[in-house]
Amino acid sequence: MREQIMAVQRMQDYIGQNTARDISLSDLAQASLFSPWYSYRLFREVLGLTPTEYVRRLRLSQAAVRLREGKERVIDVAFDLGFSNVDTFTRAFFRAFGLNPSEYMKDPVPIPLFIPYGAKYRELRKEAEEMPAIQTVFVQAVRKPERLCIIKRGVHAEDYFPYCEEVSCDVWGILMSMRSLCGEPVCMWLPPRYRKPGTSTYVQGVEVETDYAGIVPEGFDTILLPEAEYLMFQGLPFAEEDYCEAIRAVQHAADGYDPTPIGYRWDEENPRIQLEPRGERGYIELRPVRRIEK
């Protein structure tokens, strides 16, 4: 089955690299190294979408991200992402998100963006593995301002995989559609003061201004986080399929780090923060600290 999974991954990679051009089943077959008929069936079985549905949802979500910034014309975004005309794009956008592109550009409300999770990551990797070899981890002190965080709580989850099982991975698509102070959504481990009875330690959310007056998606909650200092731990770039090992390596380094020589102590009252693991930048995690009073 591994061979078939990687064939689907190759088709996903091809689509991601050619979003703006017409993509035929023949193109995908060449990428998958299987026949067009088998490639189509394999793609649908593994991802639950036909290639056409996958491409459309991906293009529309990429369009929404660009329109959210309000710096491009609707017509330019439509043509750049392979739509034949603005009317076709507008109808497809409305069917997907319930509002027109021009409306969304003026008022980017939370919408369910499509996140194209790779086929090779679909099997949740929960098994215990040996600790990877020691690698370089960069440490930097950063300060976060007071901010409001719009979060989706789980039930019992204390980490990513149980959280996805409780809440589903679709939450990330909604968070990605929202403007964030740090430019992207965050995952957090909440200390007791921010948890509600019967809810999870691990949550996903987006940090916004304290005077945020936009929509809070249904089923989401808000918490006000104070200005705080963090130590940011960042690992080396990694191959995407090695993300679990990359996370463990950085967390292992952070767990053993003593902040007192640089004038800090760990802060148990603010949340620990995780950014999306991206191979090109290395895994990043922020641990809250307080300055040691002299």
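Phe93 and Phe97 are both buried, where buried means under 20% relative accessible area, exposed over 50% and partly exposed in between, using a 1.4 Å probe and protein chains only. Keep in mind that this is a predicted model: local features need pLDDT of at least 70, side-chain atom pairs count only at pLDDT 80 or more, and totals for chains, interfaces and linings use all residues. Residues are numbered from 1 along each chain as its sequence is written, and side-chain values use heavy atoms, with hydrogens and water left out.

**Rings that meet**

- Rings of Phe, Tyr and Trp (its six-membered ring) pair if their centres lie within 6.5 Å; planes under 30 degrees apart count as stacked, over 60 as edge-to-face and the rest as tilted.
- By that rule, there are twelve aromatic pairs.
- Take Phe93 and Phe97: their ring centres are 4.9 Å apart and their planes sit at 70 degrees, so this pair is edge-to-face.
- Phe93 and Phe97 are four residues apart in helix 6 (residues 86-97), so about one helical turn separates them. Helices here are DSSP runs (H or I, at least four residues), strands are too (E, at least two), and both are numbered from the N terminus.
- Here's the general idea: an α-helix has 3.6 residues a turn, so residues three or four places apart point the same way.
- Phe93 also pairs with Tyr104: the ring centres are 5.9 Å apart and the planes are at 50 degrees, so this one is tilted.
- That pair links distant parts of the chain, with Phe93 in helix 6 and Tyr104 eleven residues away in helix 7 (residues 101-106). Both Phe93 and Tyr104 are buried.
- Zoom out and you'll find Phe83, Phe89, Phe93, Phe97 and Tyr104 linked by ring pairs into a cluster.

**A charge over a ring**

- Arg272 has its charged end over the ring of Trp189, 3.7 Å from the ring's centre. To count, NZ of Lys or CZ of Arg must be within 6 Å of the ring centre and within 35 degrees of the ring normal.

- Leu67 belongs to helix 4, and its relative accessible area is 0%, so Leu67 is buried.
- Leaving aside neighbours within four places in sequence, Leu67 is in contact (heavy atoms within 4.5 Å) with Glu72, Val74, Val77, Phe89, Phe93, Pro101, Tyr104 and Met105.
- Leu67 and Pro108 are 41 residues apart in sequence, and their C-alpha atoms are 8.2 Å apart in space.

- Look for Thr50 in the loop between helix 3 (36-47) and helix 4 (51-68). Its relative accessibility is 13%, so Thr50 counts as buried.
- Not counting residues up to four places away in sequence, Thr50 touches Tyr40, Phe43 and Arg44.
- The buried residues of helix 1 include Ile5, Val8, Met11 and Ile15, and helix 2 (25-32), helix 3 and helix 4 are among what covers the buried residues of helix 1.

- Seven of the eight residues in strand 6 (residues 228-235) are buried.
- Strand 6 pairs with strand 1 (residues 137-144) in the antiparallel sense over eight bridges; strands pair if DSSP finds at least two bridges between them. Ala141, for instance, has Leu231 in strand 6 as its bridge partner.
- Strand 6 also pairs with strand 9 (residues 284-291), again in the antiparallel sense, over six bridges. Here Glu229 stands opposite Val289 in strand 9.
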